[in-house]
Amino acid sequence: MLTPDKMLRLFIELIFVLLGGLVVWLGVTGHILFDRRKISWLVLSVALIVWGVRVLLQRGQFWLKWENWTRGLSLVLVGVMMLAISRVPFPWVGPLLATAGILLALRGFVGAVLLVIRAS
């Protein structure tokens, strides 16, 4: 049986899987609903990279090490993808957005598996 804390974290990982699916769908269908040239896009991508590096450099308990690596690495990779999206030609935006969505969904799936393995 999962504790309420672990159940909440499992739901958060499920939200990441669903968010990744949504981003993949937006990338595949070409529904680009944002202006990738604005400064807010650049600030968000740099913030994700900094946040991910900060998570990667945190010290933690041994069993949280893999969860932190999963979270930090996914944040850094999604931030780099967002930076790339702001600089590539428009036909590449959809596939890069879909790749970022796959990264988010993979992060949620791996995080959920690690959480369930640790709980049992």
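The largest pocket in this predicted model is lined by 20 residues. Val-23, Trp-41, Val-78, Met-82 and Leu-104 lie nearest its centre. The space in this pocket comes to about 380 Å³. Four helices build the lining: helix 1, helix 2 (39–57), helix 3 (65–87) and helix 4 each supply at least two residues.

Now turn to the second largest pocket. About 180 Å³ of space lies there. Its lining consists of Phe-16, Leu-48, Trp-51, Val-55, Gln-58, Asn-68, Arg-71, Leu-75 and Arg-107. Helix 2 and helix 3 are the elements that give two or more residues to this lining. By class, the second largest pocket is lined by 5 nonpolar, 2 polar and 2 charged residues. Arg-71 and Arg-107 are in this lining, and arginine counts as charged.

Next, the packing of two of the helices. A helix pair is described by the angle between the two axes and the distance between them. Helix 1 spans residues 4–29 and helix 4 spans residues 93–119. Their axes are 7 Å apart, at an angle of about 160°. An angle over 145 degrees counts as roughly antiparallel, so helix 1 is roughly antiparallel to helix 4. The crossing of helix 1 and helix 4 is left-handed. In the contact of helix 1 with helix 4, the residues divide into 18 nonpolar, 7 polar and 5 charged.

Conventions
Residues numbered from 1 in each chain as written. Predicted model: local features only at pLDDT ≥ 70, side-chain atom pairs only at ≥ 80, totals over all residues. Heavy atoms only, no water. Axes fitted to C-alpha atoms, helices over the stretch in contact; angles between N-to-C directions. Parallel < 35°, antiparallel > 145°, perpendicular 65-115°, else oblique. Left-handed = near helix turned anticlockwise from the far one by under 90°. 1 Å grid on protein atoms, 1.4 Å probe; cavity = no way out; pocket = protein on both sides within 12 Å on 5 of 7 lines; lining within 4 Å. Points joined across faces, edges and corners; volume = space filled by probe spheres on them.
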